[in-house]
Amino acid sequence: MERHELLVAYGDDPDSLLPRLFAAADLPAWLPRDRRIGIKPNLVVAKPSSSGATTDPRLVSALIAYLHALGCRDLVILESSWLGDSTARAFRECGYEEISQRTGVPLVDLKHDETVACEAHGLHVEVCRQAREIGFLINLPVIKAHCQTRMTCALKNLKGCIPDAEKRRFHTLGLHRPIAVLNTILHTDLVIVDGIVGDLTFEEGGTPARLDRIIVGRDPVLVDAYVASLMGFAPGDIPYIEMAAELGVGCRDLDRAGIRQINEPPVAPHSLEPVPCRLPARVRADQACSACLGSLRFALRRLEEEDHADRLSDEPICLGQGFRGQTQGGLGIGSCTAGFGRHLPGCPPAAADIVEFLRQKPGKKIP
Ligand code: SF4
């Protein structure tokens with residue numbers, strides 16, 4: 001797998017999807033089995049992954065099973081929850097204590113780790129020693145909105161590898177530049193994004209949104225640029241992505257990325273509810289995939305945030321496989337609605353494209 005590539009699998013079963021993703025990435029050919037492998041989930045708070053806040057323990061469990069089968073023996077799970085919360089409690093309540101007991105992979109609470117002083121790009125940063133000394137870092141972030149940086153995914157997840165005093169200082173420095181610099185000090189070797197359930201509004205969870213997907217990449221900048229588009233953000237909306245690219249962490253140019261889907265999105269096993277926005281009455285879903293529904297929910301949220309929702313056309317917004325072959329008015333989201341007069345292609349479309357599509361005035365040609 002090259003650094004400019006991203007792999008996407010749809011569904012919510014890591015046991016079956018991860019081996020397929022790793023086979024497509026040819027991971028056994030380049031995984032260094034002789035180095036200490038660090039597994040860094042996002043356990044910002046002690047809440048289950050169904051809340052949208054934390055990395056699904058099934059993903060970490062499937063990863064460990066795969067690495068053990070490849071002969072990797074020196075594995076460790078590292079995390080430091082956010083300020084004021086206990087990592088030990090998060091390990092316990094998020095299911096990681098059980099994983100550790102079952103697999104023998106130790107848990108390291110970085111809040112109790114020594115720190116190493118690092119200098120990079122004019123910034124002094126204290127970093128947790130055990131994170132700094134990892135030989136191969138696997139970063140498992142969750143797709144979430146964030147109150148200060150708008151989104152959090154791979155690049156920001158490394159903030160869990162610094163002591164609490166530094167987390168506090170990062171906030172006073174505006175977060176964006178320190179996050180970018182931190183990623184020049186700690187190198188992410190592999191990103192596995194938990195996009196099974198993300199959060200629409202806040203990194204602490206509470207507004208969960210199913211996206212039903214797992215994304216694998218080697219470049220955290222490219223991963224974050226892609227996830228930003230899935231969440232409805234335009235390029236440049238998230239300064240730390242651009243800063244990290246400028247500091248040489250990776251490439252944010254999605255036009256140069258090779259994005260491969262390894263399967264088709266499954267139809268959502270649930271209805272559209274709940275849709276936390278002001279437009280649910282206009283939304284008509286018929287056999288819609290959760291990937292499409294998730295994109296729409298993120299897009300509607302972005303439009304709400306910018307107070308654009310009230311200015312939208314009041315035409316129905318339709319999506320789902322039940323609309324295949326139908327020709328009708330209204331706004332069609334996704335390739336299943338190709339027969340609509342106005343429809344947005346994509347299977348599933350990204351939230352950023354849905355935002356642009358819904359902003360278009362009726363009668364304007366859709367590309
Ligand atoms: S376009 Fe159709 S098949 Fe594709 S994700 Fe959307 S609902 Fe599913």
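Buried, in this talk, means under 20% relative accessible area. Keep that cut-off in mind, because the word will come up again and again. One more point before we start: this is a predicted model.

Let's begin with helix H13, residues 351-359. Its buried residues are Ala351, Ala352, Ile354, Val355, Phe357 and Leu358.

Now step back from H13 towards S16. The loop between S16 and H13 holds proline 348. From cysteine 347 to proline 348 the peptide bond is cis, with omega near -5 degrees.

The largest pocket has about 600 Å³ of space. It is lined by 32 residues, and the closest to its centre are Ser229, Phe233, Pro235, Leu254 and Ala352. By class, the lining has 16 nonpolar, four polar and twelve charged residues.

The structure also holds one cavity of 30 Å³ or more. The largest cavity has about 40 Å³ of space. Leu312, Ser313, Ile317, Leu331 and Leu358 line it.

On to helix H8, residues 164-172. Glu166, Lys167 and Phe170 are buried there. An α-helix has 3.6 residues a turn, so residues three or four places apart point the same way. On the other side of H8, Ala165, Arg168 and Thr172 are exposed. The buried residues pack against strand S6 (123-128) and helix H9 (176-185).

Stay with Lys167 for a moment. Its side chain makes a polar contact of 2.5 Å with the side chain of serine 80. Where is serine 80? It sits in the loop between strand S3 (75-79) and helix H4 (87-93). Serine 80 has a relative accessibility of 4%, so it counts as buried. Leaving out residues up to four places away in sequence, serine 80 touches Thr87, Leu110, Lys111, Gly160, Ile162, Asp164 and Lys167.

Now follow the chain out of H8. Just after the helix, glycine 174 takes a positive phi of about 90 degrees. Then comes leucine 175, in the loop between H8 and H9. Is leucine 175 buried or exposed? Buried, with a relative accessible area of 0%. Residues up to four places away in sequence aside, its contacts are His146, Gln148, Thr149, Lys156, Lys159 and Phe170. Phe170 is one of the buried residues of H8. Leucine 175 and tyrosine 240 are 65 residues apart along the chain, and their C-alpha atoms are separated by 8.0 Å.

Another residue at 0% is asparagine 139, which is buried. It lies in strand S7, residues 136-140. What does its side chain reach? One polar atom lies 2.9 Å from the backbone oxygen of alanine 154. There is also a polar contact of 2.8 Å with the side chain of asparagine 157. Among the residues that asparagine 139 touches are Lys40, Leu158, Thr188 and Ile192.

Aspartate 26 has a positive phi of about 55 degrees, although it is not a glycine. Its place is the loop between helix H1 (14-25) and helix H2 (27-30). At 43% relative accessibility, aspartate 26 counts as partly exposed. Arginine 150 is not a glycine either, and its positive phi is about 80 degrees. Arginine 150 is in strand S9, residues 150-152. It counts as partly exposed, at 36% relative accessibility.

That's the tour.

Methods: Residues numbered from 1 in each chain as written. Predicted model: local features only at pLDDT ≥ 70, side-chain atom pairs only at ≥ 80, totals over all residues. Heavy atoms only, no water. Buried < 20%, exposed > 50% of the residue type's maximum accessible area, 1.4 Å probe, protein only. Helix = DSSP H or I, 4+ residues; strand = E, 2+ residues; numbered from the N terminus. Contact = heavy atoms within 4.5 Å. 1 Å grid on protein atoms, 1.4 Å probe; cavity = no way out; pocket = protein on both sides within 12 Å on 5 of 7 lines; lining within 4 Å. Points joined across faces, edges and corners; volume = space filled by probe spheres on them. Polar contact = N/O pair within 3.5 Å; in protein donor to acceptor, adjacent residues only side chain to side chain. Nonpolar A, V, L, I, M, F, W, Y, C, P; charged D, E, K, R; others polar.
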